[in-house]
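Please look over the sequence and the structure before reading on.

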Amino acid sequence: MKITKLLTVLFAVVLLFNISSCTNSSDEIEISPITYQNGYFISNEGNFNSQGAKVTFLTRDLSLKQDDVYGYNNKEILGDVLQTIGLSGNKAYLVINNSNKIVVVDRYTFKKLAVITDQLDNPRGITFANDFIYVSNTNFTANTKSVTKYKASDYSFVSKISMTEVSDKTVEAGGNVFVQNASSGFGNKITYINTSNDNKTEITVPNGQIGNTVSYKSNVYTISSTATDSYIYKISSTGTLTPVITLTGIPSATNLQIDNDKLYFSSSNKVYTTSLATPVIPTTPLLTAADGGPYFTLYGFNVIDGRIFASDVKQFTQDSEMVVYSATTGSKLGSLKTGGLGANGTYLNP
């Protein structure tokens, strides 16, 4: 099923628009703004230095989409390189790496509320803990790494936490913050930040390089790998590392995700799954996705709602294709062009 119907031309459809009669005696109708609820946001990076960052909205039933929802609702360009999206309360935080800013929008109208710029230096990850916002920054040119902290109430800068390693994916568990000190398959550390005092502790993940780190039910899980085997570890909310499973014979695994108490990960263009409670080494892949070549295969990969969202970024030469699969059977449920280059993530907006 190709998902091609656009929300922007469906103003008469009651599904996403509330239509009510005006109070005067004319036959005019009043159309309220689009509400981006009960659906998914897809982040499109755009090419470096192209100002091509865009967000696509997809309804939860996979029937309708709208491209460039930020541009549509704010009549302006979002910026350069959309690294990730953070959701907290009724707000979405759009982390724009090369523009050195975080654009805060209402997550249901996508109207701009604020822009954070103070002390940002190529921001990459974002998370929220105890009424504060934590942002990881890595400037590869200047070789500077940090985590910057802001008040969630007014977005004011609070403090900077210096980091010794590349600072990328950032998650919260049990009120504390964990920063993945690895990017693009290089790095084997995670920094645990105790948010009661912002003291930090480096956790070394054994066996290879880290592929991805996620938070699930107040714990953190990370996947590391070598050219022959892969490994999944759990980190408690207080920073204790324990092994979950050794994936003997599955090389260079990455893209770790957890949904409905199941682990999902990829090796090359093959996606595997196993139980979180009683994990075993999968003998066959759940599905085989498009092979996009080195650094591009399964560039965007998320598992949400019992669905796998896997992007084919066409090596950043054309708009990405997001393919949706059943997380149970691996069967293809649908696909869509994302209306932007470099689709790198999908986020549920319930």
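In this report a strand is a DSSP run of E with at least two residues, and strands are numbered from the N terminus. In these terms, Ile96 is placed in strand 7. The model discussed here is a predicted one.

## Overall form and confidence

The protein chain contains one helix and 30 strands. The C-alpha trace spans about 70 × 45 × 35 Å along its principal axes. For 350 residues, a compact globule would have a radius of gyration near 20 Å, and the 20 Å of the protein chain agrees with this. Of these 350 residues, 54% count as buried. Among contacts between residues at least 6 apart in sequence, 42% join residues at least 24 apart.

The average pLDDT of the protein chain is 92, and 91% of the residues score at least 70. Over residues 9-31, however, the pLDDT is below 50; this stretch has 28 contacts in the model beyond near neighbours in sequence.

As a general background, nonpolar side chains in soluble globular proteins tend to be buried together. The largest nonpolar core of this model has 18 residues, of which Val55, Leu78, Leu82, Ile85, Leu94 and Phe110 touch the most other members. Two or more residues each are given to this core by strand 4 (54-59), helix 1 (69-74), strand 6 (82-88), strand 7 (91-96) and strand 8 (101-106). Strand 7 supplies the largest share, three residues.

A second, separate core has 15 residues, including Val214, Ile232, Leu247 and Phe265.

Ile96 has a relative accessibility of 0% and therefore counts as buried. Not counting residues up to four places away in sequence, Ile96 touches Leu78, Gly79, Asp80, Val81, Leu82, Lys101, Val103 and Pro123. The C-alpha atom of Ile96 is separated by 19 Å from that of Val313, which is 217 residues apart from Ile96 along the chain.

How many of the eight residues of strand 15 (residues 176-183) are buried? Eight of the eight are buried, and the strand is thus described as mostly covered. In a regular strand, side chains alternate between the two faces of the sheet. On one side of strand 15 stand Asn176, Phe178, Gln180 and Ala182, on the other Val177, Val179, Asn181 and Ser183, and both faces are covered.

Strand 15 is joined by four bridges to strand 14 (residues 170-173), with the two running antiparallel. Ala173 has Asn176 in strand 15 as its bridge partner. These two strands form a hairpin with two residues between them, and Gly174 in the turn has a positive phi of about 60 degrees. The hairpin of strand 15 and strand 16 also has two residues between the strands, and there Ser184 takes a positive phi near 55 degrees. Asn181 stands opposite Lys189 in strand 16.

An open sheet of four strands has the order 26-27-28-29 with antiparallel pairing. Strand 26 (301-304) and strand 29 (332-337) each have a single partner strand, so one side of each is left without a neighbour in the sheet. Neighbouring strands of this sheet are turned by 20 degrees against each other on average, direction ignored. Within the sheet, Asn302 stands opposite Phe309 in strand 27.

An open sheet of four antiparallel strands has the order 5-4-3-30. The edges are strand 5 (65-66) and strand 30 (343-349), each pairing on one side only. Gly39 stands opposite Asn349 in strand 30.

| Strand pair | Bridges |
|---|---|
| strand 26 and strand 27 (residues 307-312) | four bridges |
| strand 3 (residues 39-44) and strand 30 | six bridges |
| strand 15 and strand 16 (residues 186-194) | six bridges |

Thr346 lies in strand 30. With a relative accessible area of 2%, Thr346 is buried. Not counting residues up to four places away in sequence, Thr346 touches Tyr40, Phe41, Ile42, Asn302, Ile304, Phe309 and Met322.

Technical notes:
Residues are numbered from 1 along each chain as its sequence is written. This is a predicted model: local features need pLDDT of at least 70, side-chain atom pairs count only at pLDDT 80 or more; totals for chains, interfaces and linings use all residues. Side-chain values use heavy atoms; hydrogens and water are left out. Two strands pair if DSSP finds at least two bridges between them. Axes are lines fitted to C-alpha atoms, for helices over the stretch in contact, and angles run from 0 to 180 degrees between N-to-C directions. pLDDT is the predictor's confidence in each residue, from 0 to 100. Contact means heavy atoms within 4.5 Å. A nonpolar core is a set of buried Ala, Val, Leu, Ile, Met, Phe, Trp, Tyr and Cys residues joined through side-chain atoms within 4.5 Å. Buried means under 20% relative accessible area, exposed over 50%, partly exposed in between (1.4 Å probe, protein chains only). The radius of gyration is taken over C-alpha atoms; the globule rule is 2.2 Å times the number of residues to the power 0.38.
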